[in-house]
Amino acid sequence: MGHRERTCRECSERYTPTRFDQVHCRTCSDRLRDVHLIHDTLFSSPNQSVDRVAIATGLSIERIRDLAAEGALRAVPVGADMPTECVCPPGETGRCAYCRSKLALRFAEARYEASRHVGPKNGMRMRDTDRTRRRA
Ligand SMILES: [Zn+2]
Ligand SMILES: [Zn+2]
């Protein structure tokens with residue numbers, strides 16, 4: 001009986017470790033790994049849409065949405081909290097959360113594309129001072 005049960009450091013569930021240095025249950029290990037992947041992707045370029053992050057991390061959009069809904073993410077990809085379908089009343093498109101976040105998503109995409117297309121000689125210095133000012 002080499003395998004003794006442990007208590008997960010994250011959720012306090014009992015689990016049987018597969019490695020001796022394991023401190024989280026399977027579910028939490030997976031979640032922490034996925035969260036880390038998402039944070040990494042957003043750290044290198046923020047304002048990415050959930051579709052983009054899904055491609056970059058190899059996770060499904062559903063998985064990213066679930067993590068966002070759980071509140072597991074410090075940085076949430078744009079559109080991750082988007083409902084999956086429109087619930088606007090007939091003839092009043094654009095009012096529900098789905099339509100509003102779709103609009104926000106389009107803005108974020110445009111911003112992301114624009115920031116990628118800025119040439120190094122054009123406005124680089126301005127963007128840097130802008131960024132430090134916003135951080136401070
Ligand atoms: Zn756990
Ligand atoms: Zn709608």
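Helices (H or I, at least four residues) and strands (E, at least two) are DSSP runs, numbered from the N terminus. The model here is predicted, so local features need pLDDT of at least 70 and side-chain atom pairs count only at pLDDT 80 or more, while totals for chains, interfaces and linings use all residues. Residues are numbered from 1 along each chain as its sequence is written, and chains are lettered from A and ligands numbered from 1 in the order in which they are written.

**Exercise 1. Two loop residues**

Task: Find the loop that holds Ser12 and the loop that holds Asn47, then decide whether Ser12 is buried or exposed.

Solution: 
- Step 1: Look between β1 (6-7) and β2 (14-15), where the loop contains Ser12.
- Step 2: Check the backbone of Ser12, whose phi is positive, near 70°, although the residue is not a glycine.
- Step 3: Recall the cut-offs: a residue is buried if 20 or more other C-beta atoms lie within 10 Å of its own, exposed if 12 or fewer, and partly exposed in between, with C-beta atoms placed from the backbone. Ser12 has 9 C-beta neighbours inside 10 Å, so Ser12 counts as exposed.
- Step 4: Move on to Asn47, in the loop between α1 and α2. Asn47 is also a residue other than glycine with a positive phi, near 65°.
- Step 5: Because Asn47 has 15 C-beta neighbours inside 10 Å, Asn47 counts as partly exposed.

**Exercise 2. The whole chain**

Task: Work out how many helices and strands the protein chain has, and in what order the elements run.

Solution: 
- Step 1: Count the elements, which come to 5 helices and 2 strands.
- Step 2: Read from the N terminus to get the order β-β-α-α-α-α-α.
- Step 3: Turn to contacts, where two residues are in contact if their C-beta atoms, placed from the backbone, lie within 7 Å. Among contacts with a separation of 6 or more, 38% join residues 24 or more positions apart.

**Exercise 3. The buried face of α2**

Task: List the buried residues of helix α2 and say which helices they pack against.

Solution: 
- Step 1: Go to residues 50-57, the span of α2, where Val50, Val53, Ala54 and Thr57 are buried.
- Step 2: Look down the axis of α2: the buried residues fall within an arc of 105°, so they line one face of the helix. The arc is that of the directions from the helix axis to the C-beta atoms.
- Step 3: Remember that an α-helix has 3.6 residues a turn, so residues three or four places apart point the same way.
- Step 4: Follow the buried residues of α2 to their partners, α1 (26-44) and α3.
- Step 5: Step just past α2 to Gly58, which takes a positive phi of about 80°.

**Exercise 4. How α2 meets α3**

Task: Describe how the axes of α2 and α3 cross and which residues make the contact.

Solution: 
- Step 1: The axes of α2 and α3 cross at roughly 110° and come within 9 Å.
- Step 2: Classify the angle: under 35 degrees counts as roughly parallel, over 145 as roughly antiparallel, 65 to 115 as roughly perpendicular and the rest as oblique. The pair α2 and α3 is therefore roughly perpendicular.
- Step 3: Name the residues in contact, namely Val50, Asp51, Val53 and Ala54 of α2 with Ile61, Ile64 and Arg65 of α3.
- Step 4: Sort them by class, where Ala, Val, Leu, Ile, Met, Phe, Trp, Tyr, Cys and Pro count as nonpolar, Asp, Glu, Lys and Arg as charged, and the others, Gly among them, as polar. The contact of α2 with α3 has 5 nonpolar, no polar and 2 charged residues.

**Exercise 5. The surroundings of Ala72**

Task: Place Ala72 in the chain and find the residues that it touches.

Solution: 
- Step 1: Locate Ala72 in the loop between α3 (61-70) and α4 (97-117).
- Step 2: Leave out residues up to four places away in sequence, and Ala72 touches Arg31, Val35 and Leu67.
- Step 3: Compare sequence and space for Ala72 and Asp34, which are 38 residues apart along the chain, with their C-alpha atoms separated by 9.9 Å.

How values were computed: Axes fitted to C-alpha atoms, helices over the stretch in contact; angles between N-to-C directions.
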